[in-house]
Amino acid sequence: MKKKKNLFERFSNWATHATGSSAAFILATSTVVVWAVSGPIFDYSETWQLVINTGTTIITFLMVFLIQKSQNKDSKAIHLKLNELIASHERTSNRMVSLEDLSEAELDQLAKFYAHIAKLALEESDLTCTHSIDAAQENHDFKSKFRQKRNESDRNKKQQ
């Protein structure tokens, strides 16, 4: 399944690796130190300031796109790995596979649900007890039916 990477992909991988290294940090720090030390030589002129400002602006501009490409690739790989774990386990909800397609409000609602599950898990004395969205839905359906029956019973009592 290994496909030959295009030129930009190879360059992007190389640049991401290179710019994230200790050597790149040392080079950047050294550049700033040399620039600062050269200030008196150039009498702290506007050109002297423009050199560092222009250089850092260009590098920052290009790095934003490089970092975003790398982040997108990593994010996609993580999603695929998680999807594989979800799909391969018989007791997980397959509805979780495409969460990245939900709206921010839907994700917030889901996060509240998981915060509630975490609270329930803390209250359990059995560490192996689990809670899932499907189990929560079954509990909700059961409770809804129970409430409907209770409401019908209350109405019948009022009618008598």
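Contact here means heavy atoms within 4.5 Å. The model is predicted: local features need pLDDT of at least 70, side-chain atom pairs count only at pLDDT 80 or more, and totals for chains, interfaces and linings use all residues. Residues are numbered from 1 along each chain as its sequence is written, and side-chain values use heavy atoms, with hydrogens and water left out.

**Confidence**
- The chain has a mean pLDDT (the predictor's confidence in each residue, from 0 to 100) of 85, and 87% of its residues reach 70 or more.
- Confidence is highest in helix 2 (residues 22–37), at a mean of 96, and lowest in helix 5 (residues 133–159), at 76; helices are DSSP runs (H or I, at least four residues), numbered from the N terminus.

**Helix 1 and helix 3**
- Phe8, Glu9, Ser12, Asn13, Ala15, Thr16 and Thr19 of helix 1 are in contact with Met63, Leu66, Lys69, Ser70 and Lys73 of helix 3.
- The axes of helix 1 (residues 7–19) and helix 3 (residues 46–88) come within 10 Å and cross at roughly 105°; axes are lines fitted to C-alpha atoms over the stretch in contact, with angles from 0 to 180 degrees between N-to-C directions.
- Helix 1 and helix 3 are therefore roughly perpendicular (65 to 115 degrees).

**Aromatic pairs**
- The whole structure holds 5 aromatic pairs, defined by ring centres within 6.5 Å, the six-membered ring being used for Trp.
- The rings of Trp35 and Trp48 are stacked (planes under 30 degrees apart), with centres 4.0 Å apart and planes at 5°.
- Trp35 lies in helix 2 and Trp48 in helix 3, so this pair ties together parts 13 residues apart in sequence.
- Trp48 is buried (under 20% relative accessible area), at 10%.
- Ring pairs link Trp35, Tyr44 and Trp48 into a cluster.

Conventions: Helices (H or I, at least four residues) and strands (E, at least two) are DSSP runs, numbered from the N terminus. Angles under 35 degrees count as roughly parallel, over 145 as roughly antiparallel, 65 to 115 as roughly perpendicular and the rest as oblique. Rings of Phe, Tyr and Trp (its six-membered ring) pair if their centres lie within 6.5 Å; planes under 30 degrees apart count as stacked, over 60 as edge-to-face and the rest as tilted. Buried means under 20% relative accessible area, exposed over 50%, partly exposed in between (1.4 Å probe, protein chains only).
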